[in-house]
Amino acid sequence: MSNLTTTVPWECQVAESCGAIELLIQPRDKDLGGFSVRRVLPTKERQMVGPWIFFDHMGPAYFPAGTGINVRPHPHINLATVTYLFEGEILHRDSLGSVQPIKPGDINLMVAGRGIVHSERERPEITATDHTLHGLQLWLALPEGQEEIDPAFMHYPGDSIPSIDIDGVPVRVIMGSAYGLTSPVKVYADTLYIEAYLQKGQSLTLPFAQERALYVAQGSLKAKGSEIPEHAMAVLGPEQGIEVTAQEETRLAVIGGEPFSRRHMLWNFVSSRKERIEQAKVDWKEGRFPVVPGDEEEFIPFPD
């Protein structure tokens, strides 16, 4: 999803916590015209968790027939986008010629590298009826030595993502390794992303990473006496064996990985070099990025 303003960090309620939780981030809903988005990363207090530099929770959004998501072509550099849906469908197109519907449970990995353009719309058969869209969109910063790699697109169907039952809790290992499983999704650094679904009273011991955070997409949790409410992200400390317990039916995501150096961010651009961001801004304004085959007529202007 395109960032709609040049200001990437949004204002969030951020609190220092205790025990297993270093920071609790509670984003505010932002209306993007027909649907709401909660931006959890970056905030002024925390830019990244491992390589993860952007975390949006979109929806659930309810669209009547004839309406839906319609994000025009826009550019990215020096990052990789990860799209994961709970409900609905998005049609991905990019300047490599990729055309791919994204459905619940799939992982869509788009590597921008030196530059890519993509659009996110919905197929006519989806917009023809009332429908819902709900999911997460995340950005990974690329390691400094790989920021300018060739752009690439990889799609992983939901049934290719490994899953395991841990004491009655279904867990999917979306990226990286956890609980003895390793995801096939390509990573460029030590990266962790898992999803779990807990019933009230169930507990789960979280996998370890050098940096990690837990996001409650639905429900609420408790960790060592600290409450983690719905739509909050808890940045976790370095302690091993942190256990969370569901206070109600709860869907959670854990992200993390190795620490990265600070990145510069402007609109949809991320880079370790500020001058690279400025060059991308000029290139987009002057039409030097590639076009999206089949979606050449429109684009999102740089938001001056």
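This is a predicted model: local features need pLDDT of at least 70, side-chain atom pairs count only at pLDDT 80 or more; totals for chains, interfaces and linings use all residues.
Residues are numbered from 1 along each chain as its sequence is written, and side-chain values use heavy atoms, without hydrogens or water. Local features need pLDDT of at least 70 and side-chain atom pairs count only at pLDDT 80 or more, while totals for chains, interfaces and linings use all residues.

Start with the cores. In soluble globular proteins, nonpolar side chains tend to be buried together. A nonpolar core here is a set of buried Ala, Val, Leu, Ile, Met, Phe, Trp, Tyr and Cys residues joined through side-chain atoms within 4.5 Å. Buried means under 20% relative accessible area, exposed over 50%, and partly exposed in between (1.4 Å probe, protein chains only). The largest core has 33 residues, and Phe55, Val82, Tyr193, Met233 and Ile255 have the most contacts inside it. Strand 7 (residues 79-87) supplies the largest share, 4 residues; strands are DSSP runs of E, at least two residues, and helices are runs of H or I, at least four, both numbered from the N terminus. A second, separate core has 28 residues, among them Leu204, Val216, Leu221 and Ile242.

Now the aromatic rings. Rings of Phe, Tyr and Trp (its six-membered ring) pair if their centres lie within 6.5 Å; planes under 30 degrees apart are stacked, over 60 edge-to-face, and the rest tilted. The structure holds 11 such pairs. Trp52 and Tyr193 have ring centres 5.7 Å apart and planes at 80°, so the pair is edge-to-face. Trp52 sits in strand 5 (residues 52-63) and Tyr193 in strand 18 (residues 191-198), so the pair ties together parts 141 residues apart in sequence. Both residues are buried.

Trp284 and Phe299 also form an edge-to-face pair, with centres 5.9 Å apart and planes at 85°. Trp284 lies in helix 2 (residues 274-285) and Phe299 in the segment after helix 2. Trp284 is buried at 10% relative accessible area, whereas Phe299 is partly exposed at 47%. Ring pairs link both into a cluster with Trp267, Phe269, Phe289 and Phe302.

A cavity is a set of points on a 1 Å grid over the protein atoms alone where a 1.4 Å probe fits but cannot get out; lining residues have an atom within 4 Å of a point. There are 3 cavities of 30 Å³ or more.

Conventions
On a 1 Å grid over the protein atoms alone, a cavity is a set of points where a 1.4 Å probe fits but cannot get out, and a pocket is an open set with protein on both sides within 12 Å along at least five of seven lines; lining residues have an atom within 4 Å of a point. Grid points are joined across faces, edges and corners, and a volume is the space filled by probe spheres set on the points.
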